[in-house]
Amino acid sequence: DAWFQNLGIESGKYVITVTNTERVRGSFTDPPRVNVGAVSEISGAGGRRRLAPTSGEQSLLVIRGISADGMPSKGASALADDIFGSLVGGSDPVNLASQYNACSDGKLTFVPATGSGGIVKGVVEITIASGISGMNRITAHNLFTSAAVNVVGNLAQWTQVFLVMQSSVNFEGAAAYAYMNHWLSVYDNNYASMVVVQMHEIGKC
């Protein structure tokens, strides 16, 4: 709205931290009762995705982030099963791909990403030299997305990129997060396999 426009804040480009917020009749109040604690620009991701699709075959790349001091507890094959199920020969009957297909009456299908750089069943493992335990989530995810570009190329070539990081990253209480008008969603390892979390971040059915 006009308040955000006056601040020069663009969708998909900035992260806003809001504190001491009041709600009136189901919506946030205008300033001064809303305090913007921080506005920071998203970096390391590059480019924007299309608006969330509602039909067709859409590609999804899963990044399993491995750092110097940790990694997601599930391996690449297990994550592929939890997200794509039978599309990658898996056994999980309820997953992100199956539920989007069901909710759209077969009109929307998320398929495993393909490409170079070691992508297998839609998953690529990206390793960074830094330790990220206790690191701010955005700083950590920027390390992985920047490293991924060097391995698989421009991440915007896929409809969605699903990054899973170790739970010792400082997620600031979030199970996962995503950006409006952007292809990136990021998941705490403990919640990445939960279908309700997956679908909430990619979009609503």
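Which residue forms a salt bridge with K74? In this predicted model, the partner of K74 is D82, and the legends below present this pair together with the others.

**Figure 1. Close-up of the salt bridge between K74 and D82.** The closest N and O atoms of K74 and D82 are 2.7 Å apart. D82 counts as buried because its relative accessibility, 9%, falls under 20%. K74, at 33% relative accessibility, counts as partly exposed.

**Figure 2. Close-up of the salt bridge between R64 and E125.** The side chains of R64 and E125 meet at 2.6 Å, N to O. R64 belongs to strand β5 (residues 56-66) and E125 to strand β7 (residues 123-127), so that the pair links distant parts of the chain, 61 residues apart. R64 has a relative accessibility of 6% and counts as buried. For E125 the value is 41%, and this residue counts as partly exposed.

**Figure 3. Close-up of the salt bridge between R137 and E172.** In this pair the closest N and O atoms are 3.5 Å apart. R137 lies in helix α4 (residues 137-152), whereas E172 lies in the loop between β8 (160-165) and β9 (176-178); the contact therefore ties together parts that are 35 residues apart in sequence. R137 counts as buried, at 14% relative accessibility. E172 has a relative accessible area of 48% and is partly exposed, because exposed residues are those over 50%.

**Figure 4. Overview of the salt bridges in the predicted model.** The count comes to three salt bridges. Among them are R64 with E125 and K74 with D82.

Notes:
Residues are numbered from 1 along each chain as its sequence is written. This is a predicted model: local features need pLDDT of at least 70, side-chain atom pairs count only at pLDDT 80 or more; totals for chains, interfaces and linings use all residues. Side-chain values use heavy atoms; hydrogens and water are left out. A salt bridge is a side-chain nitrogen of Lys or Arg within 4 Å of a carboxyl oxygen of Asp or Glu. Helices (H or I, at least four residues) and strands (E, at least two) are DSSP runs, numbered from the N terminus. Buried means under 20% relative accessible area, exposed over 50%, partly exposed in between (1.4 Å probe, protein chains only).
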